[in-house]
Amino acid sequence: MTSCIVVDDDRDIVNVFCDMLSMIEVNVLATANDGDQAVNMYKKYHPDIVFIDLNMPKYDGFYAIKKINDLDPDAKIVVVTGDSNANRSSFPDSLNVRVIRKPFDLQVIKQVITDCLTGDAEPAQFNIKYQFKGEIRSYSCTVTYEQFKNLKELPIIEKCEIIKTTKQQFDKYANEMGKAINLAIKNDTSHIRRLSELVS
Amino acid sequence: MNVMTGVTQLLAKSLEKTMLNNLGETTIRKIQDRLFERYGMSITQSMEEFEKLDSVLREFFGAGAEGLERKFLDSLCSIKSKKDQSQTRFTILEPSIGQSILKAYSDDEASKILNASIGESWTILEMLEKLQIPQTSGYRKVNSLIEDGLLIKDGHMISASGRKTDKYKSLFDNVEIDIKNNKVIVNVQFTQNVIDQSPILQTVYGI
């Protein structure tokens, strides 16, 4: 049985979402109401998936995503948001999280969970920009998230940030879109609708 | 031992120190562990086979390893311009390396030995005879130059008695020592053979 934690500052949303998850037999191990609690819950339970809202007071979703990714680069994180522009936001994309937009659709939730658990094992690549201490010049290159994290932590590095996702990751979406079109021809449009939202 | 040892010997100690200072102890330990796991070697040993250290650094930092390696080596000896790149002329920036070169060239006999062995390899005895340097002090100076990596092994000769004797030549094709604003600047050109067989220079500068 798939396990998860659900993080949202709105307790009503947490309750509704947990009900929907139990309908599709997902075990909710714990709930949290801010990013800091989410990190603690992740440390305690190591769930298969983290469902998390982005906009929360004090410690928001961005804080928790970064901390959880630092703890476990393979963590499966699904951003649950009411922001209609969330798919276009470079931040969720850059950290390889999946996005579910409110209001919830049970089929979408099921699909995202499946994608999370059967997703491509190949690590996502990121274009990064970094700068050495005492230098004005910046360098850029393509690395995995783990490598980005290693580089960022070095004493010699002044600044290191993700610029955007790479062509390979876009190509991955394009490949999925090809498969989705084939499914749409057979009257299954759920994949193509989902991908249309993801590809920006 | 081959010609690679010369340039490695010249740079390795300072390069390892620079890596430790810039990567921090925790990361260095992880790199050390991974090097040992994959190749059974220490960081010091990996200087001789730099491509192995490079592959471990790439595991940790991806393409960012290129920038790091360049940064480390640039702090020891850097190529200042495109002209210098085409002439493979390096400016020595690491004081301890610069000092060992200066020390050698400020000694009359050591300087003669280095100049005579540019582009041509000799046995130690041949060098000393040709330059009329007494054997006692001559052997000491040659050994010191070999230890500093300034003289490198380059083949051998077989004597009439069948005894194999190593031949040596200078690590450099050219050395320029300049003083600008009270600062001593040492520019060197490595021999093409040294560059061709140096994984450090080839990996980092692609020359």
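A crossing of two helices is called left-handed if the near helix is turned anticlockwise from the far one by less than a right angle, and right-handed if clockwise; by that convention, α4(B) and α5(B) cross in the right-handed sense. The structure is a predicted model, in which local features need pLDDT of at least 70 and side-chain atom pairs count only at pLDDT 80 or more, while totals for chains, interfaces and linings use all residues. Residues are numbered from 1 along each chain as its sequence is written, and chains are lettered from A in the order in which they are written. Helices (H or I, at least four residues) and strands (E, at least two) are DSSP runs numbered from the N terminus.

**Helix pairs of chain B**

- The axes of α4(B) (residues 50–61) and α5(B) (residues 64–74) come within 8 Å and cross at roughly 125 degrees, where axes are lines fitted to C-alpha atoms, for helices over the stretch in contact, and angles run from 0 to 180 degrees between N-to-C directions.
- The two helices α4(B) and α5(B) are therefore oblique to each other, given that angles under 35 degrees count as roughly parallel, over 145 as roughly antiparallel, 65 to 115 as roughly perpendicular and the rest as oblique.
- In this pair, D54(B), L57(B), R58(B) and F61(B) of α4(B) meet G64(B), A65(B), L68(B) and E69(B) of α5(B), contact being defined by C-beta atoms, placed from the backbone, that lie within 7 Å.
- The axes of α2(B) (residues 25–39) and α4(B) come within 10 Å and cross at roughly 120 degrees, which makes α2(B) oblique to α4(B), and this crossing is right-handed.
- Among the residues that meet here are I31(B) and L35(B) from α2(B), and L53(B) and V56(B) from α4(B).

**The sheet of chain B**

- Four strands form an open antiparallel sheet in the order β1-β2-β7-β6 (chain B), with two strands counted as paired if DSSP finds at least two bridges between them.
- β1 (77–78) and β6 (172–180) of chain B stand at the edges with a single partner strand each, so one side of each is left without a neighbour in the sheet.
- Eight bridges join β6(B) to the antiparallel strand β7(B) (residues 183–190), and V175(B) stands opposite V188(B) in β7(B).
- Helix α7(B) (residues 95–106) lies across β2(B) (89–92), β6(B) and β7(B), running at about 85 degrees to β7(B).

**Contact with chain A**

- 11 residues of chain B are in contact with 13 residues of chain A.
- On the chain B side, α1(B) (4–23), α4(B) and α5(B) are the elements that give two or more residues, and the largest share, three residues, comes from α5(B).

Conventions
Contact = placed C-beta atoms within 7 Å.
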